[in-house]
Amino acid sequence: MSPIGTWQPFVHAETIKASQAAELKNRFRIDYMVDKLTLVIQRSYGSAPVVVVLPDGSKWYSNRHPQTVKWVDGLAADMIYIEKPMPGPWQLLGDITEGSTIQKISELDIDVEPFPQPLFQGERLKVTARLLGDNLTMRMPGLDFMVEWTAKFSSQHINGEDNFVTGTIIVGAYKDNGEDLDEVPDDGVFTGAKNLDQPTGHYTLNVTARNNLFEREYVMPFVLSEQPITVEMVPNNDPLKGIWQIQTSIDDTQVLLDQTHFLFELVGPAGLQMPITLQDLTSVDQILYLPKVSDFGSYRVKGTAVSTTIDGREIVLNLPEMFFNLIEPPTPGPTVEELALQAAEQAKVEEQQAKDDAIFWIVTVNLTLLLLGIVGLVVWRKRQTLAKAMAAAEKRLKENPAVEESATDQQPESIDLDDIDLTMPDEK
């Protein structure tokens with residue numbers, strides 16, 4: 001196993017001895033007995049892929065090489081697979097890490113940590129895998145970007161099990177980046193966290209490590225069992241009190257009661273996030289009283305259980321989320337006395353309204369009659385004045401016949417009512 005900071009060509013052959021290859025800086029020799037060769041070359045982060053110089057002086061590049069050559073270039077490494085390499089001295093040109101060494105490898109393989117049994121639904125499981133060369137862990141920066149790991153579950157379709165109709169599902173991957181459950185980046189240990197929130201039953205685990213150069217597979221049958229710890233929200237007969245309870249049940253034939261602990265988080269309105277712990281269990285069935293809540297709205301309880309199986313395996317279980325609602329009670333209706341008082345007030349208002357309406361119509365009718373009377377009086381006075389004016393004109397004509405004859409010989413003139421004095425004569 002080479003330390004971090006080396007580039008490592010790995011040789012694939014049926015029989016390869018250490019004396020069959022030699023190293024001189026970025027040079028190495030391949031003799032005629034090598035049928036297959038895999039070069040894994042570490043270079044400075046972000047540098048360009050190396051250039052491979054063959055014994056005859058010809059050159060290969062990452063984007064220009066024979067079809068028998070497969071090349072994967074990452075941010076800090078190159079992986080090159082060569083069939084029937086040319087015997088003789090080879091050379092690598094590029095920003096290769098100083099102090100590189102060469103190891104001769106007969107084969108590439110993967111080592112996958114098997115799943116423990118029993119394995120429980122919703123369990124937080126940390127498993128590891130390694131890429132091996134001659135049974136030694138390959139370790140170098142950038143290897144995480146050059147190998148793709150995939151983990152799948154395939155149901156065995158056993159009639160009567162919960163996963164009978166479940167097909168093949170991708171449940172995670174393996175990473176060597178120092179994130180999540182992976183402890184150290186680029187240490188050659190790829191760590192995976194599998195999604196075990198799946199239907200229970202018999203499965204087949206399929207782990208694949210691949211890139212354009214190789215593909216390796218690991219297969220393992222296993223059983224996903226029901227959780228030995230269950231939690232359930234107890235129905236609240238008096239939700240107005242704001243107190244809810246959680247019923248916890250533990251199967252002590254599978255886990256140890258005295259090493260089982262609960263951590264819940266109550267999440268509610270107005271940003272409520274309240275941690276709640278339950279330790280020192282005294283019974284396999286126990287009630288946990290949640291803190292009293294007063295804000296109306298929806299609440300949920302997220303939970304985790306840590307325990308130890310009877311065979312000594314430490315486990316962490318993600319428990320199903322639970323929900324409840326604190327609903328604001330309806331406003332109580334008015335009492336009989338309040339209803340009677342409201343009715344009396346309403347009757348008083350209606351009576352006053354009726355009086356106001358009656359006064360309005362009386363005033364309106366009287367004003368209308370008054371206006372009509374005034375208009376009638378004016379019209380009658382006009383008619384009386386017109387009649388008296390016409391009578392006076394007729395009398396003058398009778399008293400002056402000459403004027404009448406002269407008026408007859410002349411073209412009759414139309415009488416304009418505006419010329420008639422309609423004013424009433426003064427009484428003497």
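Mentor: Strands (E, at least two residues) and helices (H or I, at least four) are DSSP runs numbered from the N terminus, and two strands pair if DSSP finds at least two bridges between them. This is a predicted model, in which local features need pLDDT of at least 70 and side-chain atom pairs count only at pLDDT 80 or more, while totals for chains, interfaces and linings use all residues. Residues are numbered from 1 along each chain as its sequence is written, and side-chain values use heavy atoms, with hydrogens and water left out.

Trainee: In what order do the four strands of the open sheet lie, and which of them are the edge strands?

Mentor: The order is β22-β21-β24-β25, with antiparallel pairing. At the edges lie β22 (272-278) and β25 (314-326), each of which pairs on one side only. Seven bridges join β22 to β21 (residues 261-268) in the antiparallel sense, and Phe264 stands opposite Ile276 in β22.

Trainee: How many residues has the largest nonpolar core, and which have the most contacts inside it?

Mentor: In soluble globular proteins, nonpolar side chains tend to be buried together. A nonpolar core is a set of buried (under 20% relative accessible area, 1.4 Å probe, protein chains only) Ala, Val, Leu, Ile, Met, Phe, Trp, Tyr and Cys residues joined through side-chain atoms within 4.5 Å. Here the largest has 35 residues, and Phe115, Trp149, Tyr174 and Phe222 have the most contacts inside it. Among the elements that each supply at least two residues of this core are β8 (77-83), α1 (143-146) and β18 (215-225), but the largest share, four residues, comes from β17. A second, separate core of 26 residues includes Phe120, Met233, Val293 and Ala305.

Trainee: How should I read the aromatic pair of Phe153 and Tyr203?

Mentor: A pair of aromatic rings is described by the distance of the centres and the angle of the planes. Rings of Phe, Tyr and Trp (its six-membered ring) pair if their centres lie within 6.5 Å, counting as stacked under 30 degrees, edge-to-face over 60 and tilted otherwise. By this rule there are 13 aromatic pairs. Phe153 and Tyr203 form a tilted one, at 5.6 Å centre to centre and 45° between the planes, and it links distant parts of the chain, since Phe153 in β14 and Tyr203 in β17 are 50 residues apart. Phe153 counts as buried because its relative accessibility is 0%.

Trainee: Is the pair of Tyr299 and Phe324 stacked or tilted?

Mentor: Tyr299 and Phe324 are stacked, with 5.0 Å centre to centre and 5° between the planes. Tyr299 lies in β24 (residues 297-308) and Phe324 in β25, 25 residues apart, and both are buried.

Trainee: Which residues do ring pairs link into a cluster?

Mentor: The cluster consists of Phe115, Phe153, Tyr203 and Phe222.

Technical notes:
Buried means under 20% relative accessible area, exposed over 50%, partly exposed in between (1.4 Å probe, protein chains only).
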